[in-house]
Protein chains: 2
Amino acid sequence: MADFDLFNPINHEIKIVEKRLLQSITTDLPMMDDAAKHLLRAGGKRLRPAFALLSAKIFSENVDKIIPMAIALELMHMGTLVHDDVIDNSTLRRGRETVKTGWGNRVSIYAGNYVFARSLSLIAPYQRSDVIEILADASMHICEGEIRQMISCFDVKQGLKDYLRRIERKTALLISVSCQLGAMLNGASNSEIIALKQYGYYLGMAFQVTDDILDFVADETVLGKPVGSDIRQGVITLPAIYALRFHPRREELAGFMSSSELSHRYADEIIDIILDSNGIDYSTEVSCKFVKQAQNQLQILPNVPVRDCLFEIAAFITGREY
Amino acid sequence: MADFDLFNPINHEIKIVEKRLLQSITTDLPMMDDAAKHLLRAGGKRLRPAFALLSAKIFSENVDKIIPMAIALELMHMGTLVHDDVIDNSTLRRGRETVKTGWGNRVSIYAGNYVFARSLSLIAPYQRSDVIEILADASMHICEGEIRQMISCFDVKQGLKDYLRRIERKTALLISVSCQLGAMLNGASNSEIIALKQYGYYLGMAFQVTDDILDFVADETVLGKPVGSDIRQGVITLPAIYALRFHPRREELAGFMSSSELSHRYADEIIDIILDSNGIDYSTEVSCKFVKQAQNQLQILPNVPVRDCLFEIAAFITGREY
């Protein structure tokens with residue numbers, strides 16, 4: 001992200017966030033320390049801190065007071081990631097779990113809880129109960145979203161609405177909250193806060209739809225995981241939902257996608273059918289619509305250079321070159 | 001607990017807590033709802049809400065404003081319980097995890113996170129950043145404690161200090177915080193808050209030592225789990241630490257207790273050696289000392305009937321007849 005010009009206005013602050021992130025999770029317990037730092041390194045783009053800082057910078061050049069919040073948002077995100085890992089692991093290695101995996105799972109659960117609690121201690125000094133309520137509410141919805149994703153695995157009858165609700169909770173919500181809180185804590189008016197909250201929401205939706213497209217079309221070296229990993233895990237995303245509805249072989253496809261065993265056995269065939277449908281194009285259109293909705297929110301904001309950055313970042317999302 | 005006179009002063013409030021606990025975790029997601037309600041029913045004694053309410057009642061008859069906090073404390077406790085379950089299960093059933101267990105683990109992790117987030121939303125309206133900081137800090141220490149317990153499994157070289165630090169985080173901390181917050185939110189002075197915080201700490205320590213004794217001597221029907229379950233799980237508690245240090249067969253004992261396999265194979269022999277040492281008597285003495293320290297803290301508090309209840313509850317702990 002360091003090379004990505006659009007984040008230039010907050011490059012300095014992001015460096016501080018990065019440094020303090022590492023400090024914030026330092027404990028005298030070596031195992032916890034290792035797990036948390038491993039998590040940190042795996043984290044990557046620091047999108048949530050970046051959006052909180054950029055949103056704040058629209059209203060004042062000085063965004064120093066947003067830094068603890070930016071760190072807290074990244075810690076919360078990390079907490080959900082580490083808990084996701086526990087779960088994925090236990091599914092993937094079912095029946096051949098090693099002792100090491102067992103220990104790893106334990107540490108992961110507590111490391112997740114630990115970073116979440118740590119994020120709270122960073123938020124407390126703001127003395128803003130409205131902020132705590134927003135984050136508590138988001139956390140509850142994110143948990144619900146995780147369970148919804150779990151329940152909907154291999155459910156070939158789910159529709160667009162189920163998908164959108166799921167990605168809202170999985171991704172859009174915390175990005176939306178990041179923008180909202182950045183604005184709230186740096187002097188934005190109510191309507192400006194709502195605009196940035198909505199911006200984050202639509203941007204998060206576009207981001208996740210794009211991510212789901214990439215799972216079908218991107219190179220494995222770009223993704224960092226094999227193509228079609230959603231399919232194998234039973235996560236039915238937008239391109240698949242489209243193909244399940246409109247492809248001539250949709251009934252056969254539904255059969256292939258209805259269980260873990262079949263999804264693994266017919267993964268290549270499933271991917272071929274989905275690529276042969278208009279699912280990718282349709283999903284790209286959906287993503288672009290979200291980007292436009294995100295950009296529309298920015299109109300009522302002060303006409304400062306950072307606003308243009310947010311506009312361009314939204315456009316960039318569908319390209320995902322960073 | 002309803003029949004237990006010592007909790008009489010807050011019986012009415014505890015009933016409200018019980019009712020609202022159920023309401024507070026109601027969601028429109030059936031699976032989450034089931035998991036959370038299962039947790040609630042398994043919960044039992046509501047000690048943390050009771051201590052928060054009793055501590056508060058020393059300073060004013062009206063403890064209505066403590067009720068949301070009491071619910072939040074129980075939710076936090078439930079959150080740690082459900083995460084513990086995930087972990088124990090995955091160890092116990094290693095290698096023969098069923099799909100159902102897999103689903104159960106997932107739901108458990110998210111249900112734990114959900115109730116934790118829910119507790120936050122109950123605490124936010126107090127608009128007290130000091131309260132949030134206390135709870136965040138306690139949560140972090142509890143996570144550290146869980147990891148310490150994990151690391152120390154089958155470690156026959158651990159000493160009294162390791163054990164005390166572990167049970168402090170596992171049990172004493174949240175009971176201490178419950179007393180502290182009950183006092184803080186109902187008009188106690190600083191020295192009174194500290195006294196109740198300390199009371200809760202020593203009481204929690206006595207409580208856990210007693211619990212650890214019961215794992216050796218209580219009837220299975222009382223415990224709700226087989227005698228010696230700590231031993232089998234590698235959790236080395238005070239009676240064992242004593243026997244490992246002083247019993248003539250201590251080297252043999254250390255051998256038996258040094259791995260999961262041996263602990264299971266020699267469980268009866270391990271228990272016999274520990275019972276043959278002075279470990280139970282020694283542990284009972286330690287517990288009694290903690291009870292006295294707890295009671296000593298109460299001296300500076302207003303001389304009201306609720307104070308006498310707290311005094312007697314501490315005495316009762318070592319008997320554990322409720």
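In which hand does helix 1 of chain A pass helix 3 of chain A? The crossing of helix 1 of chain A with helix 3 of chain A is right-handed; a crossing is right-handed if the near helix is turned clockwise from the far one by less than a right angle, and left-handed if anticlockwise. The structure is a predicted model, in which local features need pLDDT of at least 70, side-chain atom pairs count only at pLDDT 80 or more, and totals for chains, interfaces and linings use all residues. Residues are numbered from 1 along each chain as its sequence is written, while chains are lettered from A and ligands numbered from 1 in the order in which they are written.

Chain A contains 16 helices and zero strands, where helices (H or I, at least four residues) and strands (E, at least two) are DSSP runs numbered from the N terminus. Of its 322 residues, 49% are buried, meaning that 20 or more other C-beta atoms, placed from the backbone, lie within 10 Å of the residue's own (12 or fewer: exposed; in between: partly exposed). Among contacts in chain A with a separation of 6 or more, 75% join residues 24 or more positions apart; a contact requires C-beta atoms, placed from the backbone, within 7 Å.

Helix 1 (residues 11-24) and helix 3 (residues 47-57) of chain A pack with axes 10 Å apart, at an angle of about 140°. Axes are lines fitted to C-alpha atoms, for helices over the stretch in contact, and angles between N-to-C directions run from 0 to 180 degrees. Helix 1 of chain A is therefore oblique to helix 3 of chain A (under 35 degrees is roughly parallel, over 145 roughly antiparallel, 65 to 115 roughly perpendicular, the rest oblique). Glu13(A), Ile14(A) and Val17(A) of helix 1 meet Pro49(A), Ala50(A) and Leu53(A) of helix 3. These residues comprise five nonpolar, no polar and one charged; Ala, Val, Leu, Ile, Met, Phe, Trp, Tyr, Cys and Pro count as nonpolar, Asp, Glu, Lys and Arg as charged, and the others, Gly among them, as polar.

Ala36(A) lies in helix 2 (residues 30-43) of chain A. Ala36(A) is buried because 27 other C-beta atoms lie within 10 Å. Beyond neighbours within four places in sequence, Ala36(A) contacts Ile25(A), Ala111(A), Tyr114(A) and Val115(A). The C-alpha atoms of Ala36(A) and Ile25(A) are 6.6 Å apart.

In chain B, the axes of helix 6 (residues 129-151) and helix 7 come within 8 Å and cross at roughly 165°, so helix 6 of chain B is roughly antiparallel to helix 7 of chain B. Their crossing is left-handed. The residues of this contact divide into 10 nonpolar, four polar and six charged. In helix 11 (residues 238-246) of chain B, seven of the nine residues are buried. Helix 7 (160-184) and helix 8 (190-217) of chain B are among the elements that cover them.

Chain A superposes on chain B by a rotation of 180° with 0.0 Å of shift along the axis (RMSD 0.0 Å), the relation of a two-fold axis. The superposition is by least squares on the C-alpha atoms of residues with pLDDT of at least 70 in both copies. The contact between the chains takes 41 residues from chain A and 41 residues from chain B. On the side of chain A that touches chain B, helix 6 of chain A gives the largest share, 14 residues. By class, that side has 20 nonpolar, 12 polar and nine charged residues. The copies meet through the same surface, because 100% of the interface residues of chain A are also interface residues in chain B.

Technical notes
Contact = placed C-beta atoms within 7 Å.
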